[in-house]
Amino acid sequence: MMSTDTALWNIVENMPDSLKIELLQYAEYLMTKSSNLQREKKSEEITNKKGLAGSMKGTFVLPLSEDFDEPLEDFEDYM
């Protein structure tokens, strides 16, 4: 069975120069796209690591006040 590199090389060898240039430009585009996707994935991983479980502990005061579910005065105009 022929490797991908060998198969690709055989095809490229038989191409006219104009197609080789077009193939080169497309290959460069694919490499740039792949590099950008990897950077985005790393950025998402870093972002996801920031939100640790329990990081909001102690932020809320419990139990909630008795009027917690009552409408707010600021929104009276909309009701």
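Tutor: A patch here is made of residues with over 30% relative accessible area and no salt bridge, with nonpolar side chains joined within 5 Å. Keep in mind that the model is predicted.

Student: OK, which residues form the nonpolar patch on the surface?

Tutor: Met56, Phe60, Leu62, Leu64 and Phe68 form that patch. Together they have about 600 Å² of accessible area.

Student: Where does Phe68 lie?

Tutor: Phe68 is in the segment after α2.

Student: And which residues make up the negative surface patch?

Tutor: Glu66, Asp67, Asp69 and Glu70. Glu66, like Phe68, sits in the segment after α2.

Student: Is Glu66 buried or exposed?

Tutor: Glu66 is exposed, because its relative accessibility is 81% and the cut-off for exposed is over 50%.

Student: What about charge overall, how many positive and negative side chains are there?

Tutor: The protein has 8 positive and 16 negative side chains. The centres of the two sets lie 18 Å apart.

Student: Take Lys20 then. Where does it lie?

Tutor: Lys20 lies in helix α2. Lys20 counts as partly exposed because its relative accessible area is 30%, which falls between the 20% and 50% limits.

Student: Changing topic: what box do the C-alpha atoms fill?

Tutor: Roughly 80 × 35 × 20 Å, taken along the principal axes. The radius of gyration is 29 Å, whereas a compact globule of 79 residues would have one near 12 Å.

Student: How many helices and strands does the protein have?

Tutor: There are 2 helices and 0 strands.

Student: And what share of the residues count as buried?

Tutor: 1% of the 79 residues. The accessible surface of the protein comes to about 8,200 Å², and 58% of that belongs to carbon and sulfur atoms.

Student: How far is Ala53 from Phe75?

Tutor: The C-alpha atoms of Ala53 and Phe75 are separated by 33 Å. Along the chain, Ala53 and Phe75 are 22 residues apart.

Notes
Residues are numbered from 1 along each chain as its sequence is written. This is a predicted model: local features need pLDDT of at least 70, side-chain atom pairs count only at pLDDT 80 or more; totals for chains, interfaces and linings use all residues. Side-chain values use heavy atoms; hydrogens and water are left out. Patches are made of residues with over 30% relative accessible area and no salt bridge: like charges are joined within 9 Å, nonpolar side chains (Val, Leu, Ile, Met, Phe, Trp, Tyr) within 5 Å. Accessible areas come from the Shrake-Rupley method with a 1.4 Å probe; for residues, only the protein chains shown count as cover. A salt bridge is a side-chain nitrogen of Lys or Arg within 4 Å of a carboxyl oxygen of Asp or Glu. Helices (H or I, at least four residues) and strands (E, at least two) are DSSP runs, numbered from the N terminus. The radius of gyration is taken over C-alpha atoms; the globule rule is 2.2 Å times the number of residues to the power 0.38. Buried means under 20% relative accessible area, exposed over 50%, partly exposed in between (1.4 Å probe, protein chains only). Lys and Arg count as positive and Asp and Glu as negative; His and the chain ends are not counted. The place of a charge is taken as NZ of Lys, CZ of Arg, CG of Asp or CD of Glu.
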